[in-house]
Every structure is written in structure tokens, then in C-alpha cells.
Amino acid sequence: MHRPTRSAPADTARIALRDLRPDEAGLLDTLMAGLSPRSRYLRFHTPTPALSTRMRRALLDVDGHDRVALVAETDAGTPVGIARAIRDHRHPDEAEIAVAVVDAWHRRGVGRRLLTALAERARAGGVRRLTARVLPENAAALGLVRDLFPVTVTRRDDDALVLTAVLDTGRPDDWTITMDDILADLAA
Ligand SMILES: CC(C)(COP(=O)(O)OP(=O)(O)OC[C@H]1O[C@@H](n2cnc3c(N)ncnc32)[C@H](O)[C@@H]1OP(=O)(O)O)[C@@H](O)C(=O)NCCC(=O)NCCS
């Protein structure tokens, strides 16, 4: 199996981030075409040869506040990655995130840039905790989330791991996981 190693950080200088627009179905299909079957499986937790109409509609349902999706594009305008944060309406200070980077751009810092920017947007919108459902074998996603968010709790939910990352709000107390955090996570 091809295991990408780290490459020069200069790569990401060619990448710009912007919000996904609700009419960009073609962009989603371009990104899907750049994901290997394995990457699609890791992203959607099931074999996904192509996006269904229903999936496409759900992925395009963005509003820039409660449902944010950021796209990474090369300077030629080619999309190479996407990350989204969907606020939990029951717990508005919590959002579920997901990320995918096309295989040709793996391990070049795109996922890190996307999630860093997404966390900043989420934090500015009042989100304090990010959750991510990750398959246990997904070393890249586990490594990325744990590397970016040092305060992360992991629990098992069926076949997936649910990672809950506590965002740094600049207040020292928020770096501590409290009993409330753990109980809220268990109740989720
Ligand atoms: C997970 C994924 C988004 C990572 O994106 P990426 O752009 O390749 O990641 P980056 O280059 O920004 O890596 C950032 C950090 O993540 C970790 N990481 C990334 N790839 C890794 C790998 N293959 N193995 C272990 N750690 C890895 C490392 O800590 C890395 O930091 P480093 O390069 O300084 O060591 C990408 O592998 C992907 O799209 N996978 C398929 C879809 C998927 O699994 N999505 C997650 C579902 S929520």
C-alpha cells in the first residue's frame, strides 16, 4: 500500500481556501474523482463509487454559519480538498467535522490547513467542541485530528471512533476536560 510521507511545506503555498457555494455540485464530483476507492471508503465509511443525488444535496446544504464547508483549490482553480463542520442543533457549541483531500495531494499539508481554518471559523461561531467519526484503521485522519487538537477524547461508537476535540478559546480553563464535557460526550 502506498503510504505518503511528508513533503515540503511550500506545497501548500499554492493552495487557497474558500467557502463552498450551494450550487457547486460539479466541484464535489471533481473531488470525488480524485479520491481513490479506499479514500472514499474512509470518508463515507462505506464503498462509495459516486455521490448519490441525496448525498450531493446534503453536501451542498451549506449556509456559512451552522453548516460550513471550506474548499482548498490550487492557483489554477482545481479543487483538491474539502472540509465541513455541521453544528449540532441539540448542542449548538458542538459541530461534527469531516475532511477529504484528493489522493494526489495527500501529506502535503492540505488537510491541516483545511481543519485549522475550519476550527477557526467554528470557534468564531461559538463552537467549543468538534467531533469527528473516524474508522479505527484511518491512521491519517486520527493522526491529523490528534496532531491539530491536543485535547481530544476518543470513544467507540459501533464500527467508528468518535473523536471529540476541545477547542482552545484562549481561556486557560477550556484546556481542561471537565466532567461536564465527558457527560455531554457520553450523552451525545
Ligand atoms: C485524512 C486526510 C484528510 C489527511 O489529509 P492530508 O492533506 O493528507 O494531511 P496533511 O498533509 O495536512 O497532514 C497533517 C498531519 O496529519 C497526520 N497524517 C496525515 N497523513 C497521515 C498518514 N498517512 N499517516 C499518519 N499520519 C498522517 C500527520 O500528523 C500530519 O502531519 P505531518 O505531515 O507534519 O506529520 C487524507 O488522508 C484523506 O483525505 N483521507 C481520505 C478521507 C478521510 O479519511 N477523511 C477523514 C474522514 S473524517
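Begin with the shell around the ligand, whose residues divide into 13 nonpolar, six polar and seven charged, where Ala, Val, Leu, Ile, Met, Phe, Trp, Tyr, Cys and Pro count as nonpolar, Asp, Glu, Lys and Arg as charged, and the others, Gly among them, as polar. This is a predicted model, in which local features need pLDDT of at least 70 and side-chain atom pairs count only at pLDDT 80 or more, while totals for chains, interfaces and linings use all residues. Numbering runs from 1 along each chain as its sequence is written.

Next, select Leu42, Gly111, Arg112, Gly143 and Leu144, which come nearest of the 26 residues around the ligand (a residue is near a molecule if its C-beta atom, placed from the backbone, lies within 6 Å of it). The largest share of this shell, six residues, comes from α5; helices are DSSP runs of H or I with at least four residues, strands are runs of E with at least two, and both are numbered from the N terminus.

Now move to helix α4, residues 110-124, which reaches 21 Å from its first C-alpha to its last. Select Val110, Gly111, Leu114, Leu115, Leu118, Ala119 and Ala122, the buried residues of α4, a residue being buried if 20 or more other C-beta atoms, placed from the backbone, lie within 10 Å of its own, exposed if 12 or fewer, and partly exposed in between. Looking down the axis of α4, you will find these buried residues within an arc of 155°, so they line one face of the helix; the arc is that of the directions from the helix axis to the C-beta atoms. On the other side of α4, Glu120 and Ala124 are exposed.

Finally, step to Gly126, which follows α4 and has a positive phi, near 95°.

How values were computed
Expected span 1.5 Å × (residues − 1).
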